[in-house]
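Here is a short tour to read alongside your sequence and model. Please keep both open as you go.

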Amino acid sequence: FRFRRRRNVTMKTTMKTMVTGRGAVPRCGARGRTRSALHHLRVRAASKEAAPSSQAANTLPMMPSDRYVAMNRFRVQDRAEADAKFEKRWAERPSRLATMDGFRWFALFRRINLDGTDLTEEQNEDFNYTSMTLWQDQPTFQVWREGDAFKEAHGGGNIKGILDMLISSAQTLKGKPKLLLANAYATQSLEVSESDLPKMAGGWRSVVADGKRVLDPECFMCAVDYVVEPGREAAFLQEASASISESRGAGGFRFGTVLNADAGKGADADVFTLSTVWDTKEQWEASRAGEAELGEARKTETRFFEGKLVLTTQKGA
């Protein structure tokens, strides 16, 4: 399941849109289609109506999901300071996300190339930013989505706030954001000491952004897509869990999880994205987590992201 824009007719017809960071997350696709990673995570775009009504719908044989993940993908304009202005908008938004019951972890991810080169023209035409929020489960996500805190973070629920948000989007984005919902499996996270918690005010980050320079990265994510044959899901998840456990002992590891598209209508179920989050790119490079083959699953794409505006609790992700 990836964070990528589909270009041909076959791919476009399977996407639904919903408004809710320049990176892509992995992506899921039916066999025979063009695929990639957490284009980073390739989760199918899902509408609010397609969200499952119960956690029971989010279960594969032998292993229930242990987190629920909401991601919004953005295409930031390829022009001077657009990235910085987009990040400033996020840094200054009104939000009390970290105070919500069931909240576990958040970051705004910017897609990068591992060698430090600029994104290609094709990469820039994809979603190059992705916001990623981990919730304890789907019901706690739904409570947030239907409550006042969600409205406050998305224009305040009043005409002026909505207009301000639309104007800001027009100045920085190409097209509308797209929502992706996913179930997370085999999640393993380190706890966070109180002294290491990000500086927050009212449940949101306290960060100064000038709109001219992008924010410093606060974490690094590697996302790897695997195509899993039907009936092999449980075996794959066990192998992925063992891989995450091995990474957990490496310096800089924060958490790892496996993402799979939510069970909405038409969702592609055969692509799983193994995602690991680290303090720095260098610490991931020292471990090379995610490079091993996992049983009979076919690895299709690997993508990389730097995270900004990280929020979490002492429980970690």
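Predicted model: local features only at pLDDT ≥ 70, side-chain atom pairs only at ≥ 80, totals over all residues.

Residues are numbered from 1 along each chain as its sequence is written, and side-chain values use heavy atoms, with hydrogens and water left out.

- Strand β4 (residues 103–112) runs antiparallel to β12, and seven bridges join the two; strands pair if DSSP finds at least two bridges between them.
- Within this pairing, Trp-105 has Thr-312 of β12 as its bridge partner.
- Strand β9 (residues 219–227) also pairs with β12 in the antiparallel sense, over nine bridges.
- Here Tyr-226 stands opposite Lys-299 of β12.
- Phe-305 has its place in β12 and counts as buried, at 0% relative accessibility.
- Phe-305 and Tyr-129 are 176 residues apart in sequence, yet their C-alpha atoms are 8.8 Å apart in space.

**Nonpolar cores**

- The largest nonpolar core has 28 residues; such a core is a set of buried Ala, Val, Leu, Ile, Met, Phe, Trp, Tyr and Cys residues joined through side-chain atoms within 4.5 Å.
- Which residues have the most contacts inside the largest core? They are Phe-86, Trp-90, Leu-97, Phe-106 and Trp-144.
- Several elements each supply at least two residues of this core, among them β3 (67–74), β5 (129–135), α5 (148–153), β6 (178–189) and β12.
- Helix α2 gives the most to this core, with four residues.
- Beyond its neighbours within four places in sequence, Phe-106 is in contact (heavy atoms within 4.5 Å) with residues including Trp-90, Leu-97, Trp-204, Leu-309 and Leu-311.
- A second, separate core of 22 residues includes Met-63, Leu-274, Leu-294 and Phe-304.
- As general background, nonpolar side chains tend to be buried together in soluble globular proteins.

**Helix α2**

- Seven of the ten residues of α2 are buried, leaving the helix mostly covered.
- Those buried residues are Ala-82, Asp-83, Ala-84, Phe-86, Glu-87, Trp-90 and Ala-91.
- Asp-83 and Glu-87 also belong to a network of salt bridges, linked with Arg-110, Glu-306 and Lys-308.

**Salt bridges**

- The structure holds eleven salt bridges, each a side-chain nitrogen of Lys or Arg within 4 Å of a carboxyl oxygen of Asp or Glu.
- The side chains of Glu-218 and Arg-205 meet in one of these, at 2.7 Å from N to O.
- Because Glu-218 lies in the loop between β8 (204–205) and β9, and Arg-205 in strand β8, this pair ties together parts that are 13 residues apart in sequence.
- Glu-218 is partly exposed, with a relative accessible area of 22%, whereas Arg-205 counts as buried at 13%.
- Asp-210 and Arg-213 form another salt bridge, with their closest N and O atoms 3.1 Å apart.
- In this pair, Asp-210 is partly exposed at 35% relative accessibility, while Arg-213 is exposed at 62%.
- Arg-254 and Asp-279 also form a salt bridge, with their closest N and O atoms 2.6 Å apart.
- Arg-254 lies in strand β10 (residues 253–261) and Asp-279 in the loop between β11 (271–278) and α8 (281–287), so the pair ties together parts that are 25 residues apart in sequence.
- Both partners count as partly exposed, Arg-254 at 23% relative accessibility and Asp-279 at 32%.

**Cysteines and Thr-140**

- How many disulfides are there? The count comes to zero, taking a disulfide as a pair of cysteine sulfur atoms within 2.5 Å.
- Cys-219 is buried at 2% relative accessibility, and Cys-222 is buried with a relative accessible area of 2%.
- Thr-140 is found in helix α4 and is buried, with a relative accessible area of 19%.
- Not counting residues up to four places away in sequence, Thr-140 touches Asp-101, Gly-102 and Trp-135.

Definitions and conventions:
Buried < 20%, exposed > 50% of the residue type's maximum accessible area, 1.4 Å probe, protein only.
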